[in-house]
Amino acid sequence: MENLKDLILQVTFILFPIYLYQAIWLNRPTPTIPKPNLFLIYLLCSLSAVLCMIFPIYVIDGLPYGLHYIPYLAAVLYGGPMTGISVTCTALLYRLYSGGDVIWISLIITPLFLIVPLMLQSKWNDFTIQTKLLLGFLFSGIKTSLTYLILTILIFFKLIPFSLAESLLEMFLSFLLFTFVLLMTIYCVNSTKENAFLRARLIKSEKLSIVSELAASVAHEVRNPLTVVRGFIQLIGTDRKNMDPKNEEYITLVLSELDRAQEIITDYLNLAKQQYFEKNKLSLSNLLDEVVKIMTSYANFKNVHFKNSIAPDLYVHGDSSRLKQVFLNLLKNAVEAVSESDGEVKITAYSSHDYIRIKIKDNGVGMTPEQLARIGEPYFTLKERGTGLGLTVTFSIVEQHEGTLRYKSEPGSGTSATVSLPIYKPAESPLPSSSKHQGEFSDHKLKP
Ligand code: ADP
Ligand code: MG
């Protein structure tokens, strides 16, 4: 019973500092994870180690057994070599101060056990939790066997005045105890760090959504006066007979700039509207025909030909206005990428297995692998007058429909964008996972 009380006390000495560290340091509301506070780690680990020494679990022939190696280890792995060594020195100084017959054993054994954690320290944060737990288990095994080996040798050569009374069972129990508390420590530190990471991400995304909502509300307010201005400029433009040709040119210029401002505002508003989806059964074939019709005048204006082969009766479960936006964005990019003399954009739509594939292929400027890798990133644009938001929105809408958007491109010879969307199923059973089809393409799979 006494031992159990001591054991609970030691576990508390080791685990409580982790939560103390979280409360004091990690819980501050910052958008990035706070850097490790080495002084606090040193302070808490030293305190934990010394308390473990003051209240040992049991005494084997006068040898106090404790879990003070765990704070040493934690300090090395999470605070770095200097913090780890400082904690160990502080604890050993306490041991010297408190006295006892076998201090020199601690002085020899302790540095030996620090070798492995010191070697692992630089890579520790890259390991997965499973690897960390496995390493903790292995370390515990090595530590227990080495301790008993050294003790046996010392006793054999009568270097310490004890008899080897410890049974194998005792050794096994101490191994279990050490492993259990060490793994618990690793797990708790990991989950504490994960919480801090999630918290930081939440704060960051909250900030971003406030900014995007602000941008959207400003954009919304600006759109109305712009429409009024456009209307009046158009009115002025109708009386072209009595107009100075220079003014006529200016009016055309003002109108095109106003259109451009409208486009930018639309992009921003679309970015902010991402949360609201209204999905229904919808005919993708009709939707694509409609989009192609809308874009044909723009394509004619740019002297670009559309070639389409859209299979009938393609149905998906989706939000029609959002999906329209996807194909408008893709077609617009394709038209903008081709040259005006022999520009051609092919639109193909067909069903394949559980998916509908819509391929938009152009013979335009194409993209280098570096550019391809950045596609869909917010604000990434190579156009003088682009916003770089079109594809950010497009990727996000496709993802919301459990679909994928993949690009293939070569500089000089063109680009093809393929959207895959799950086919509509009447009962709307859980949609097939989009990742299932990832292996089918050898090209880039890109997400914003
Ligand atoms: P924007 O059109 O405003 O520049 P997008 O997000 O729509 O923004 O596109 C980002 C960038 O990706 C474009 O600036 C362009 O350089 C590149 N891009 C997109 N589609 C194509 C394409 N079909 N061919 C070549 N480049 C493309
Ligand atoms: Mg675009």
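A polar contact is a pair of N or O atoms within 3.5 Å. Keep that cut-off in mind for what follows. The model shown here is predicted.

**The ligand and its contacts**

Start with Gly388. A backbone N or O atom of this residue lies 3.0 Å from an oxygen atom of ligand 1. Thr381 uses its side chain. Thr387 uses a polar backbone atom.

| Residue | Part of the residue | Distance to an oxygen atom of ligand 1 |
|---|---|---|
| Thr381 | N or O atom in the side chain | 2.5 Å |
| Thr387 | polar backbone atom | 2.9 Å |

How much of ligand 1 does the protein bury? Taken alone, ligand 1 exposes 530 Å², and the protein buries 93% of that. The space that ligand 1 takes is the largest pocket.

**The shell around the ligand**

Two elements give two or more residues to the shell around ligand 1: α10 (320-337) and α12 (390-400). Which of them gives the most? It is α10, with 3 residues.

In total, 17 residues surround ligand 1. The closest are Asn333, Thr381, Leu382, Lys383 and Leu391. Sorted by type, the shell holds 7 nonpolar, 8 polar and 2 charged residues.

**Two loop residues with positive phi**

Now turn to the loops. Asp313 sits between β4 (305-310) and β5 (315-318). Its phi is positive, at about 55 degrees, although Asp313 is not a glycine. Is Asp313 buried or exposed? Its relative accessibility is 60%, so Asp313 counts as exposed. The cut-off for exposed is over 50%.

His353 belongs to the loop between β6 (344-352) and β7 (355-362). Here too phi is positive, near 55 degrees, and the residue is not glycine. His353 has a relative accessibility of 67% and therefore counts as exposed.

**A buried histidine**

His401 is found in the loop between α12 and β8 (404-410). Why does His401 count as buried? Because its relative accessibility is 4%, and buried means under 20%. One of its polar atoms lies 2.9 Å from the backbone oxygen of Ile397.

Conventions
Residues are numbered from 1 along each chain as its sequence is written. Chains are lettered from A and ligands numbered from 1 in the order in which they are written. This is a predicted model: local features need pLDDT of at least 70, side-chain atom pairs count only at pLDDT 80 or more; totals for chains, interfaces and linings use all residues. Side-chain values use heavy atoms; hydrogens and water are left out. A residue is near a molecule or strand if one of its heavy atoms lies within 4 Å of it. A polar contact is a pair of N or O atoms within 3.5 Å; within protein, one must be able to donate a hydrogen and the other to accept it, and residues adjacent in sequence count only if both atoms are side-chain atoms. Accessible areas come from the Shrake-Rupley method with a 1.4 Å probe; for residues, only the protein chains shown count as cover. On a 1 Å grid over the protein atoms alone, a cavity is a set of points where a 1.4 Å probe fits but cannot get out, and a pocket is an open set with protein on both sides within 12 Å along at least five of seven lines; lining residues have an atom within 4 Å of a point. A molecule sits in a cavity or pocket if more than half of its atoms lie within 2 Å of its grid points. Helices (H or I, at least four residues) and strands (E, at least two) are DSSP runs, numbered from the N terminus. Ala, Val, Leu, Ile, Met, Phe, Trp, Tyr, Cys and Pro count as nonpolar, Asp, Glu, Lys and Arg as charged, and the others, Gly among them, as polar. Buried means under 20% relative accessible area, exposed over 50%, partly exposed in between (1.4 Å probe, protein chains only).
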